[in-house]
Amino acid sequence: MKKFWIGLLAVIGIVATMSVASASAAPETAVSKEGPYEGVFHGKVYAPDGSSANMSLDLTHRGNVVDGTVFLGEGLNIDAGLCGVGTIPASSIFATGNTSASNPKNLSATSAFDVSGITVKVDLDSQVQGDTLKANAKIDLPWLCGSDPVISGTLQRA
């Protein structure tokens with residue numbers, strides 16, 4: 001179980017990218033026009049237990065392609081019910097995704113990760129309105145763990 005939890009924490013660290021994870025739509029050719037996700041966003045993400053961590057996103061949004069670097073600070077705890085509780089370490093990663101051509105202010109995605117032989121699905125949803133980016137990431141844990149935690153955050157354009 002400890003091996004499972006360590007792997008799950010690594011996956012959740014990736015999930016903290018919330019707003020730029022891979023989208024299921026096929027990528028289109030990027031154009032030079034900037035989209036609503038363009039820029040640097042700063043804020044906090046929160047776990048259901050009230051723990052939080054600072055997050056910064058440095059994004060480019062050309063056409064329907066959103067990519068950039070995600071920086072997550074320390075302090076975010078995830079309660080996986082019977083599978084345990086853990087702290088997500090500070091990290092930074094590059095991520096890419098796509099918005100819908102009909103709604104470039106919304107990015108929804110579903111990703112699945114293998115954690116010690118167990119598939120963990122993550123449903124991501126984010127929206128940009130003006131200079132505010134709001135995002136949620138629901139982590140679909142195996143049924144034996146208990147309820148599925150949702151990480152949420154609000155970030156402001158710098």
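1. Cys83 and Cys145 form a disulfide, with 1.9 Å between their sulfur atoms; a disulfide here is a pair of cysteine sulfur atoms within 2.5 Å. The bond joins distant parts of the chain, 62 residues apart: Cys83 lies in the loop between β4 (76-79) and β5 (85-88), and Cys145 in the loop between β9 (132-140) and β10 (150-157). A search of the whole structure finds one disulfide.

2. This is a predicted model, in which local features need pLDDT of at least 70, side-chain atom pairs count only at pLDDT 80 or more, and totals for chains, interfaces and linings use all residues. Residues are numbered from 1 along each chain as its sequence is written, and side-chain values use heavy atoms, with hydrogens and water left out.

3. The disulfide of Cys83 and Cys145 is left-handed, because the torsion about its S-S bond is about -75°. Cys83 is buried, at 6% relative accessibility, and Cys145 is buried as well, at 1% (buried: under 20% relative accessible area, 1.4 Å probe, protein chains only).

4. Strands β1 (residues 39-46) and β2 (residues 52-62) run antiparallel and are joined by eight bridges. Strands are DSSP runs of E, at least two residues, numbered from the N terminus, and two of them pair if DSSP finds at least two bridges between them. Gly43 has Met55 in β2 as its bridge partner. The two strands form a hairpin with five residues between them, and Gly50 in the turn has a positive phi of about 95°.

5. Eight antiparallel bridges also pair β2 with β3 (residues 65-72). Arg62 has Val65 in β3 as its bridge partner. In this hairpin two residues separate the strands, and Gly63 in the turn has a positive phi of about 65°.

Methods: Helix = DSSP H or I, 4+ residues; strand = E, 2+ residues; numbered from the N terminus. Buried < 20%, exposed > 50% of the residue type's maximum accessible area, 1.4 Å probe, protein only.
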